Amino acid sequence: MPLGNATFDMGEILTAASQELRDPEFGRLGKPFYVSACQRGLTEMNSHTNFYKKTWQSSIPENLILELPQDLTETDGIYLFSGTDCNIQTSTILFIKPNMWHQGGEGYIANNKGKNRDELQWSLKWNEAPPNHIYFAGLRGGKLYMSPSCRTFEKIHIAYTGLGMECFGEDFRIPHWCREAITDFVIHRAALAMEREDPQFLARVIQRKENELKSPSGSWYTAIGRYKRLDKKGRYDTTAYTFRFGHFP
Amino acid sequence: MPTYDQITDDIMVAMGYTHDDSLRNKEAVLYNVKLGVDKLKSQQLQKNKEIGDYRRNSDMVSTFIVPITHNDVADEVVSDFDSSYFDLPTAIYSLDHDGGVSFIRYLRNEIPFGCPPAVALTPFTGASLASIHTFYQSAYQRPQSKRPYFARAKAKIGEAYKDRVYLFGVSTEIKHLLVGLYAAPDYTEIDPDEEIGLPPHLLMPLKQMVIDLERWALQIPQERLKNDGRDFEPNQIVRTERQMSLNNPIQLDN
């Protein structure tokens with residue numbers, strides 16, 4: 001995963017896109033259109049690759065209902081932990097229990113509970129009291145409904161994928177590995193918007209850019225491939241995991 | 001570059017208007033020269049915008065510093081509305097996408113030399129009063145100080161109409177703007193000593209255009225004595241307007 005740290009300012013993309021369309025004054029659609037298209041392209045790329053990794057911590061609320069980060073698009077992991085601002089002392093995994101929900105007080109609703117349990121799901125006990133060494137939560141409407149056992153811990157940590165930029169509506173930067181793909185995305189969107197004015201020229205632009213965005217050798221899937229391939233460090237580590245940690249291939 | 005006077009003299013000689021009682025006087029020809037110059041300029045502007053060659057139009061841009069009015073209308077006033085605006089200091093060409101407005105920027109003279117100048121910062125985006133609401137619905141296109149918009153409309157002030165440019169996203173602390181305009185000629189007065197402002201290769205189409213206008217003026221029939229055509233001699237040829245090839249330089253946008 002050659003994520004790297006190199007990013008480019010949005011202006012790099014917009015300038016290249018407007019020059020290719022011969023619209024450097026942004027006189028036809030206006031610069032905000034290009035910015036919006038660029039943001040949409042980056043969000044799409046993030047959906048394909050989940051490159052925008054973020055973490056988020058919060059105290060476990062008294063009512064055990066927690067609103068998740070607004071920019072969460074995909075969750076990598078949820079953990080409970082106790083400790084200070086500096087040190088993490090104890091931690092565990094929080095599991096998601098299907099359809100679990102509560103109102104902030106005692107008791108909860110879930111798919112697998114009590115005598116009328118879903119036989120397809122394994123459950124420790126028949127009654128409502130959950131086992132106190134299992135930490136789980138329901139996930140509904142952008143909120144976590146945590147089990148009473150979670151009170152054992154003080155804080156929650158979520159590793160997740162964001163939108164592709166820190167805050168929606170603010171400026172953003174473009175990772176180096178998808179620079180050409182995002183540029184082609186912006187040109188394609190702008191050409192679609194302007195096609196009526198100059199269909200003879202722009203139809204060819206649209207065709208070229210659709211090839212870049214859809215074909216396996218186009219810039220879009222090249223960028224996805226770049227992000228998802230293992231870099232040399234990853235390959236070394238895979239070798240170490242495979243042969244030195246006792247796991248034979 | 002020749003002046004209006006020189007072009008007019010040239011055409012008057014070509015047309016044989018060299019004597020005091022000639023059919024057309026100099027002022028009338030001068031007016032036609034101005035019409036021709038205006039037509040050729042607008043052709044050039046439009047064509048270069050269409051092909052994306054903006055720099056060919058650069059010599060026609062005029063820059064102005066305009067004061068902004070921030071109009072905060074009292075609640076009980078129903079004849080006006082809240083808006084920030086400025087009035088165009090000159091008439092401008094009517095081109096695609098408000099193309100008569102080349103650019104609008106914040107006037108920022110406090111930026112030190114060596115830094116990106118104000119003219120290279122914060123472009124104003126064109127819109128219309130009818131479409132501006134759509135931009136407010138998009139987080140990345142919403143008008144704000146770093147993303148300002150403008151929209152043109154006529155405003156009736158008394159009996160006159162102002163060519164007004166409304167502004168969106170501009171702070172009330174902003175008092176002046178730097179604007180670049182493709183200024184259209186003022187027909188209320190013609191200065192014969194003014195340079196025509198056309199590149200030399202367009203002098204030939206200009207001359208042809210004016211001569212055509214003059215020919216047309218001469219073709220306007222004199223007073224007809226009878227309206228049934230009996231005032232014409234048998235087989236008298238009725239002159240019609242000259243037919244023109246599509247490949248004539250006047251037709252092409254050069």
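Helix axes here are lines fitted to C-alpha atoms over the stretch in contact, and angles run from 0 to 180 degrees between N-to-C directions. Helices (H or I, at least four residues) and strands (E, at least two) are DSSP runs, numbered from the N terminus.

This is a predicted model, in which local features need pLDDT of at least 70, side-chain atom pairs count only at pLDDT 80 or more, and totals for chains, interfaces and linings use all residues. Residues are numbered from 1 along each chain as its sequence is written, and chains are lettered from A and ligands numbered from 1 in the order in which they are written.

**Helix packing in chain A**

Helix α2(A) covers residues 31-49 and helix α3(A) covers residues 179-194. Their axes come within 9 Å and cross at roughly 130 degrees. That angle makes α2(A) oblique to α3(A); oblique is what remains after under 35 degrees (roughly parallel), over 145 (roughly antiparallel) and 65 to 115 (roughly perpendicular). Residues are in contact if their C-beta atoms, placed from the backbone, lie within 7 Å. On α2(A), the contact includes A:Phe33, A:Tyr34 and A:Leu42. On α3(A), A:Ile182, A:Phe185 and A:Arg189 are among the residues involved. The contact residues divide into 12 nonpolar, 1 polar and 1 charged. Ala, Val, Leu, Ile, Met, Phe, Trp, Tyr, Cys and Pro count as nonpolar, Asp, Glu, Lys and Arg as charged, and the others, Gly among them, as polar.

**Strands**

Two strands pair if DSSP finds at least two bridges between them. Three pairings are listed here.

| Strands | Sense | Bridges |
|---|---|---|
| β7(A) (residues 136-140) and β8(A) (residues 143-146) | antiparallel | 4 bridges |
| β5(B) (residues 125-127) and β6(B) (residues 149-157) | parallel | 3 bridges |
| β6(B) and β7(B) (residues 160-168) | antiparallel | 9 bridges |

In chain A, an open sheet of 4 strands has the order β3-β8-β7-β6, with mixed pairing. β3 (65-67) and β6 (95-96) stand at its edges, each with a single partner strand, so one side of each has no neighbour in the sheet. A:Leu139 stands opposite A:Leu144 in β8(A).

In chain B, B:Gly126 has B:Phe150 of β6(B) as its bridge partner. B:Ala151 stands opposite B:Tyr166 in β7(B). The hairpin of β6(B) and β7(B) has 2 residues between the strands. There, B:Gly158 takes a positive phi near 65 degrees.

**Between the chains**

The contact takes 15 residues from chain A and 13 residues from chain B. The side of chain A that touches chain B divides into 5 nonpolar, 5 polar and 5 charged residues.

How values were computed
Contact = placed C-beta atoms within 7 Å.
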